[in-house]
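I opened a predicted model today.

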Amino acid sequence: MTATQPDLRMSPYEVAPDTFVIPWILEAPPVGLFCMNSLVIRGQEPVLVDTGSPANRDEWLANVSSVVDLDDVRWIFLSHDDRDHAGNLLTALDACPNATLATTWFSVGRMAEEWMTPLDRVRFVNEGDRLDVGDRTLTAVRPPVFDNPTTRGVFDDRTGVFWSVDTFALPVSQPLEDVADIPDDEFEEGQLLGGRVVAPWHPWLDDAKFRAYVGEVQSMPIEVIASCHAPAIRGDRIGRAFDVLRRLPTEQAWSPFTQADLEGWLAVMAGGPPPE
């Protein structure tokens with residue numbers, strides 16, 4: 001919590017051929033920084049995967065425009081309706097007039113609390129459904145960890161990119177494009193923290209059932225994991241990430257920060273000593 005805000009701006013970066021992360025970074029003191037990413041697949045029928053946060057709307061749209069012509073976008077795959085994923089949806093639909101929204105009935109219903117999604121531009125894509133986007137097929141996959149009941153990730157059979165949504169979330173100490181730049185111990189600790197925060201229900205999981213589903217997802221021919229809340233995961237780190245994920249059912253629940261923590265942070269921000 002400093003008076004001077006660090007420059008956390010990042011440019012879109014390529015994680016596979018014609019596949020770009022659209023990054024945004026938020027401070028999350030005292031834990032560190034958290035990515036708030038979305039994805040562009042610049043194929044025969046270009047796809048936006050999630051639409052970023054309204055707090056970053058102008059920069060998000062400019063970053064998307066830098067890697068794909070918005071008039072060429074044919075699909076917007078919405079993983080779920082949380083604000084960091086759907087916050088610029090109406091802007092994206094307006095800016096991409098030729099795009100069809102791939103979402104679910106439940107997401108449309110939940111978003112109706114704020115806006116009416118144009119149903120004539122919607123295609124329902126449920127878990128396990130496949131979407132032909134010209135030069136590749138995208139499969140909707142329920143990620144092992146999620147914080148919203150409408151969540152579906154997506155697997156690209158052409159590049160092996162798996163958009164895991166909120167699974168594999170972890171804090172970072174600086175803007176990064178690849179988790180290879182994070183030491184092993186920090187990567188493991190960060191993965192456990194992210195999983196516990198995203199899925200506070202993890203202590204209630206049946207260990208055997210959860211591990212079986214993690215194995216099912218891992219069995220896909222994944223080359224790169226891209227996600228909303230982490231840098232890209234490649235190589236040996238993919239297996240390590242799944243191994244850490246399997247530990248969730250037996251991990252202690254995360255203890256949220258308290259009012260005393262908040263008062264201490266406010267005191268420091270005001271220039272005083274932290275309360276004892």
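**Helix pair**

I took helix H6 (residues 207-218) and helix H7 (residues 236-245) to start. Their axes come within 10 Å and cross at roughly 165°. Angles over 145 degrees count as roughly antiparallel, and H6 and H7 are therefore roughly antiparallel to each other. I noted the hand as well: the crossing of H6 past H7 is right-handed.

Next I listed who makes the contact. H6 brings Phe-210, Val-214, Val-217 and Gln-218, while H7 brings Gly-239, Phe-242 and Leu-245. I sorted these by class and got 5 nonpolar, 2 polar and no charged residues.

**Cavities**

How many cavities of 30 Å³ or more are there? I count 3.

I looked at the largest cavity, which holds about 70 Å³ of space. Its lining consists of Val-145, Phe-168, Ala-169, Gln-191, Leu-192, Gly-194, Gly-195, Ala-241, Val-244, Leu-245 and Leu-248. Which helix gives the most to this lining? H5 does, with 4 residues. Helix H5 (184-198) and H7 each supply at least two. I note that Leu-245 lines this cavity and also belongs to the H7 side of the contact with H6.

I moved on to the second largest cavity, with a volume of about 50 Å³. Around this cavity I find Ile-22, Pro-23, Trp-24, Met-36, Ser-38, Gly-52, Ser-53, Asn-56, Trp-60 and Asp-84. The classes here are 5 nonpolar, 4 polar and 1 charged.

Terms used
Residues numbered from 1 in each chain as written. Predicted model: local features only at pLDDT ≥ 70, side-chain atom pairs only at ≥ 80, totals over all residues. Heavy atoms only, no water. Axes fitted to C-alpha atoms, helices over the stretch in contact; angles between N-to-C directions. Parallel < 35°, antiparallel > 145°, perpendicular 65-115°, else oblique. Left-handed = near helix turned anticlockwise from the far one by under 90°. Contact = heavy atoms within 4.5 Å. Nonpolar A, V, L, I, M, F, W, Y, C, P; charged D, E, K, R; others polar. 1 Å grid on protein atoms, 1.4 Å probe; cavity = no way out; pocket = protein on both sides within 12 Å on 5 of 7 lines; lining within 4 Å. Points joined across faces, edges and corners; volume = space filled by probe spheres on them.
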